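I opened this notebook to record what I looked up in the model, entry by entry.

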Amino acid sequence: MAVKLYNEPSPLETRVLSKRFGLPNSASLDTYLANDGFKAFRKAREMKPEQIVEEVKTSALRGRGGAGFPTGLKWSFVPRTSPKPKYIVINADESEPGTCKDRLLMEYDPHQMIEGILIAGLAIDSHKGYLYIRGEYRYLIDHMDRAIAEAYSKGYLGKNIAGTGFDFDLYTHSGAGAYECGEETALLDSLEGKRGIPRMKPPFPAVAGAWASPTLLNNVETFSAIPAIIRDGGAAFAALGTPKNGGTRLVCISGHVNKPGVYELPLGFPMLKAIYEVAGGIPGGKKLKAVVPGGSSCPLLKADECDIPMDYDTLAKIGSMLGSGGMVVMDETTDMVKVALRIMRFYAHESCGWCIPCREGTTWLRKILQRFDDGGGRQEDVSLLGELSKNMLGRTFCALGDAAAMPTISIVDKFAADFEKRLSAEAVPQTVMV
Amino acid sequence: MTFSPQLEARFAKMLIAYPEGCKRSAVVPMLIYAQDEVGAVTPELIDEVARRCEVAPLQVDEVVGYYSMLHRQPQGKYHVQVCTNISCMLMGGTELYEHARKKLGLGHKETTADGQFSLEEVECMGACSWAPAVEINYDFHHHVTPEQFDQLIDGLNKNGMKAH
């Protein structure tokens with residue numbers, strides 16, 4: 001029986017990581033083995049660890065969790081000859097608003113990710129991995145536990161994997177509700193049984209990560225891309241995208257579109273084509289107003305900024321980010337004051353409180369935006385919002401403070417008219433902030 | 001405290017998954033799995049997890065306040081979580097949450113007197129492309145309309161609780 005997909009695929013997709021989605025029993029190891037599964041692992045077993053890392057570098061794969069750091073380079077930072085055990089941690093704490101792709105990669109093709117993890121194990125000489133899944137995804141924790149058990153029972157995890165003499169153990173680990181734990185050092189603290197508080201870097205996790213040992217941390221999608229890279233070659237993967245932006249990625253399109261869904265598109269795919277062709281355009285023929293290009297931490301784009309190819313460098317050039325692939329489309333009826341408030345309510349709720357600029361900044365920004373939305377906005381609030389946000393930038397241990405500040409700065413800057421409209425439309429009552 | 005054989009088996013596996021001397025790593029997963037059986041993170045549960053993970057009870061206690069899914073008071077048999085974060089908001093999540101409040105007669109993090117339902121306005125739970133989304137306990141529901149919400153609740157409401 002074919003698996004029912006969350007959304008209809010688009011003919012404009014380039015399906016590499018998602019090529020098995022929709023196959024009958026796509027999550028089973030047998031289906032995986034019958035469809036190119038573990039060819040890459042066997043090939044990697046014959047390669048030198050340095051060659052594996054080189055191949056990943058050649059692929060121009062960049063971290064799919066949000067930061068877009070070159071994956072091969074990250075792998076090369078792990079001291080594989082260290083006498084300490086090396087660990088692999090898989091970030092499945094998918095929590096960035098707008099992002100819902102790692103769910104599908106685990107649900108439909110768990111063994112692809114497992115194979116990617118094993119290849120990373122060969123590359124950095126690691127024999128243990130921990131799959132950190134957000135607590136809300138309990139069905140996926142159970143699902144991955146079953147996939148892992150199946151892999152053990154058929155010799156694709158545990159001792160002497162597929163007869164190659166390589167050993168690897170993989171475990172699931174449940175989170176319990178905390179956006180902050182998607183940040184890699186906070187995730188490590190959480191994995192160690194503590195509150196998820198970010199750590200000072202350096203040392204980076206590659207040197208001292210989980211339990212003070214060298215640790216390789218990557219996102220689910222990053223690991224899921226590895227088998228295709230090793231199987232077909234890094235150059236072939238790189239060629240799917242644009243220079244320094246290799247391959248495809250799962251783009252999660254949500255908001256005001258006719259066909260919201262998760263679509264696998266090559267890096268450099270035109271953003272407007274994604275909105276109007278892949279996702280079927282905006283309902284009711286309404287005009288585009290704004291786009292969150294890669295999760296709510298990214299500065300928003302105005303409609304006239306969206307005629308761009310979606311790659312990390314283009315987005316960086318126009319002052320935003322490709323982030324985690326969560327693309328939120330907003331039509332002309334969208335009230336940007338409400339958008340800014342909802343984004344800030346999220347960050348104020350999720351700030352772990354460790355760094356004062358983030359803890360206080362997000363709280364005050366939320367209060368000012370709430371007052372504005374309630375009709376008590378003042379002329380000076382618009383510049384105050386921008387000023388407060390800019391004071392948070394770069395002044396915190398982790399990126400949550402920046403993640404809260406950046407979209408806010410972009411909204412008050414690019415959509416000032418929405419704030420002005422509120423000021424002129426409403427009498428300004430004296431309000432007390434609570 | 002003892003748990004169900006399934007949970008005991010899970011815990012036994014969990015405690016040997018982490019490196020030697022690192023049983024503390026099991027604290028968060030153990031709390032959330034046990035909470036599902038016990039109904040809440042009770043003081044007894046904190047002591048039990050501390051004993052099993054070989055840490056001080058305070059080291060377990062301080063974790064409880066941090067994670068939003070851990071709770072010291074029991075929630076409803078059906079914990080209804082409505083997402084109003086940005087993608088859901090654009091697709092009617094805020095209105096759906098208001099509808100849920102009326103339907104269940106509950107506010108944020110409140111539980112019905114009969115313990116059947118509790119309601120929570122939640123942050124993004126990873127269903128953005130299928131918004132608006134609701135999660136009841138651990139079951140996802142996508143593209144939920146107010147009518148479908150009513151059907152979901154009425155389907156669960158077998159104890160004859162009076163819906164508002």
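Entry 1. I looked up the neighbours of Leu31(B), leaving aside residues up to four places away in sequence. Leu31(B) touches Val41(B), Val49(B), Val63(B), Val64(B) and Leu70(B), and from the other chain Ala176(A). I note here that the model is predicted.

**Entry 2. The core.** I asked which residues have the most contacts inside the largest nonpolar core. They are Ile119(A) and Leu31(B), in a core of 182 residues.

**Entry 3. Helix H8 of chain A.** I checked how far H8(A) is covered. Seven of its eight residues are buried, so H8(A) is largely enclosed by the rest of the structure. I listed the buried ones as Glu184(A), Thr185(A), Ala186(A), Leu187(A), Leu188(A), Ser190(A) and Leu191(A). Against what do they pack? I found strand S1 (87–92), strand S2 (128–133), S3 and strand S4 (215–219) of chain A, together with helix H2 (27–38) of chain B. Just after H8(A), I noted that Gly193(A) takes a positive phi of about 90 degrees.

**Entry 4. The contact between the chains.** I then looked up how many residues each chain brings to the contact: chain A gives 50 residues and chain B gives 35 residues. On the side of chain A, the elements that each supply at least two residues include helix H7 (138–153), strand S3 (169–174), helix H8 (184–191) and helix H13 (336–350). Strands S5 (248–255), S6 (261–266) and S11 (326–331) of chain A are also among them. The largest share, six residues, comes from H13(A). By class, I recorded 21 nonpolar, 20 polar and nine charged residues on this side of chain A.

**Entry 5. Chain B as a whole.** I found seven helices and five strands in chain B, which along the sequence follow the pattern α-α-α-α-β-α-α-β-β-β-β-α. Its C-alpha atoms fill a box of roughly 50 × 35 × 25 Å along the principal axes. Of the 164 residues of chain B, 41% count as buried. Among contacts in chain B with a separation of 6 or more, 59% come from residues 24 or more positions apart. The domain assignment gives domain 1 (5–64) and domain 2 (78–156) for chain B, and I noted 29 Å between their C-alpha centres.

**Entry 6. The sheet of chain B.** In what order do the five strands of the open sheet stand? I read S2-S3-S1-S4-S5 (chain B), with mixed pairing. Strand S2 (110–111) and strand S5 (139–141) of chain B are at the edges with a single partner strand each, so one side of each is left without a neighbour in the sheet. S5(B) pairs with strand S4 (residues 134–136) of chain B in the antiparallel sense over three bridges; in S5(B), Asp139(B) is the bridge partner of Ile136(B). I also noted that helix H6 (residues 93–104) of chain B packs on the sheet and touches strand S1 (78–83) and strand S3 (117–122) of chain B. The direction of H6(B) makes about 150 degrees with that of S1(B).

**Entry 7. Domains of chain A.** I recorded domain 1 (29–240), domain 2 (248–328) and domain 3 (336–425) for chain A. The C-alpha centres of domain 1 and domain 3 of chain A lie 35 Å apart. Their contact takes ten residues from domain 1 of chain A and eight residues from domain 3 of chain A. The side of domain 1 of chain A that touches domain 3 of chain A has six nonpolar, two polar and two charged residues.

Note on methods
Residues numbered from 1 in each chain as written. Chains lettered and ligands numbered in written order. Predicted model: local features only at pLDDT ≥ 70, side-chain atom pairs only at ≥ 80, totals over all residues. Domains from an automatic or database assignment. Contact = placed C-beta atoms within 7 Å. Nonpolar A, V, L, I, M, F, W, Y, C, P; charged D, E, K, R; others polar. Helix = DSSP H or I, 4+ residues; strand = E, 2+ residues; numbered from the N terminus. Buried ≥ 20, exposed ≤ 12 C-beta atoms within 10 Å, placed from the backbone. Core = buried A, V, L, I, M, F, W, Y, C linked by C-beta atoms within 7 Å. Pairing = 2+ DSSP bridges. Axes fitted to C-alpha atoms, helices over the stretch in contact; angles between N-to-C directions.
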